[in-house]
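Biologist: Can you walk me through the aromatic side chains in this one? I have not looked at it before.

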Amino acid sequence: MKRKILKKYKLFLLTIAILLFSNITDAKSQWAIMLRDADSLVLLGADYVYNLEFEKAAEQFKKVQQKYPLHPAGYFLDAMIEWWKIALNSEDKSNDNIFYRKIEKVIEVCDKILDTNAYDINALFFKGGAIGYRARLRTMRDDWFQAIQDAKEALEILRRCQQLAPFNHDIMLGTGLYNYFSVKFPEEYPILKPLMLFLPNGDKRLGLFQLRAAARNARYASVEAKVALLQIYYSFENDNYEALQIAQELTEKYPKNIYFQRYLGRLQVRLGMIMDYETTWKKILEHIKENPSLYNNNIAREATYYIGLALLYRQDYFNSLKYFQKSLEGTKLVDKKPTGFHSYTLIKIGNNYDALGNRSEAIKYYKQAYELPDFNDSKKIAKRYLETPYKP
């Protein structure tokens with residue numbers, strides 16, 4: 001999972017502007033954006049995006065654009081619809097060009113404002129966010145040169161925003177991410193240390209404090225702050241219970257968001273919550289069936305594996321075997337080279353055959369697992385079952 005997070009935040013130390021998802025503040029904050037009539041549309045639209053109800057979200061953001069055609073907020077939020085489509089299925093590039101066009105529109109609107117007032121924080125804020133998200137996608141697509149250029153510009157804009165509104169809780173999402181990951185990533189991945197020579201020093205503890213403050217108090221960025229904390233607790237801090245609390249909260253508020261549900265399911269697996277994670281992963285499969293265009297085979301493979309695991313522990317071997325066979329089919333579609341999922345799926349299929357009294361079939365699958373490269377002692381485990389049958 002750490003590798004996936006690293007991939008997602010590649011060049012994060014430069015692409016600091018991932019700070020923004022509707023990072024707007026109202027009149028009670030240090031800088032105002034628009035009247036409250038649009039504020040309600042923004043909040044409702046953001047909730048629709050997080051719940052993956054993209055058509056409803058688009059309706060709200062179009063209304064914002066109509067009310068405030070010269071303000072970047074409505075255009076930025078509309079671009080975030082495309083971003084979430086990409087985030088849900090990063091292997092699908094069909095939304096890339098639409099996303100880039102919408103980002104260009106945001107930058108165009110911001111530049112018109114900045115041409116007359118270089119210190120307009122709204123324009124700076126949304127321009128930084130737009131460029132930062134564009135940098136994120138370019139890193140995902142291995143477009144390194146353009147991503148670095150974008151990222152440097154986004155970081156400079158963030159600094160200017162901090163100067164104008166240093167205590168704004170929505171902005172603390174960005175500063176918190178920078179402070180945490182600028183320290184944590186070099187700890188985890190020393191290859192990143194040379195990048196830090198050209199960037200300000202971070203403070204990991206301060207970063208966590210800022211993210212928690214944003215999660216509690218930010219008007220528009222609180223969900224993004226919670227998502228960041230969820231990833232940090234799950235992948236870097238090994239704080240499963242804090243992560244579980246956030247995952248439960250986000251899943252309850254946005255029950256259609258499979259991204260949040262996957263974290264919830266993984267945490268339930270970690271904590272041995274068998275009945276809970278069986279239910280969670282079955283819900284995920286239902287979402288995939290309802291809207292397959294949003295998701296990929298990797299998610300279905302993961303879901304069928306964990307459902308099979310729960311059924312194995314509950315000694316429902318016949319149904320467990322069916323799910324693991326489905327997971328194996330998905331693995332053959334997804335993996336271009338051997339993975340731990342492949343090895344352990346084979347082992348679990350063998351376990352089921354052993355439990356059902358079909359030793360010869362079990363041995364066949366253990367042998368296949370043993371012949372694959374080793375993943376977290378998979379060869380050792382396969383060898384043990386080749387010598388001694390699995391017993392519940």
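**Aromatic cluster and core**

Modeller: Ring pairs join Y50, W84, Y234, Y254, Y259, F260 and Y263 into a cluster. Rings of Phe, Tyr and Trp (its six-membered ring) pair if their centres lie within 6.5 Å; planes under 30 degrees apart are stacked, over 60 edge-to-face, and the rest tilted. This is a predicted model: local features need pLDDT of at least 70, side-chain atom pairs pLDDT 80 or more, while totals for chains, interfaces and linings use all residues. Numbering runs from 1 along each chain as its sequence is written, and side-chain values use heavy atoms, without hydrogens and water.

Biologist: How many aromatic pairs in the whole structure?

Modeller: The search finds 22. In one of them, the centres of W84 and F260 are 6.1 Å apart with planes at 75 degrees, so the pair is edge-to-face. W84 belongs to helix α4 and F260 to helix α12 (residues 258-270), 176 residues apart.

Biologist: Are W84 and F260 buried or exposed?

Modeller: Both are buried (under 20% relative accessible area; exposed is over 50%, partly exposed in between; 1.4 Å probe, protein chains only).

Biologist: And Y234 with Y263, what is the geometry?

Modeller: Edge-to-face, at 5.3 Å centre to centre and 90 degrees between the planes. Y234 is in helix α10 (residues 222-235) and Y263 in helix α12, 29 residues apart.

Notes: Helices (H or I, at least four residues) and strands (E, at least two) are DSSP runs, numbered from the N terminus.
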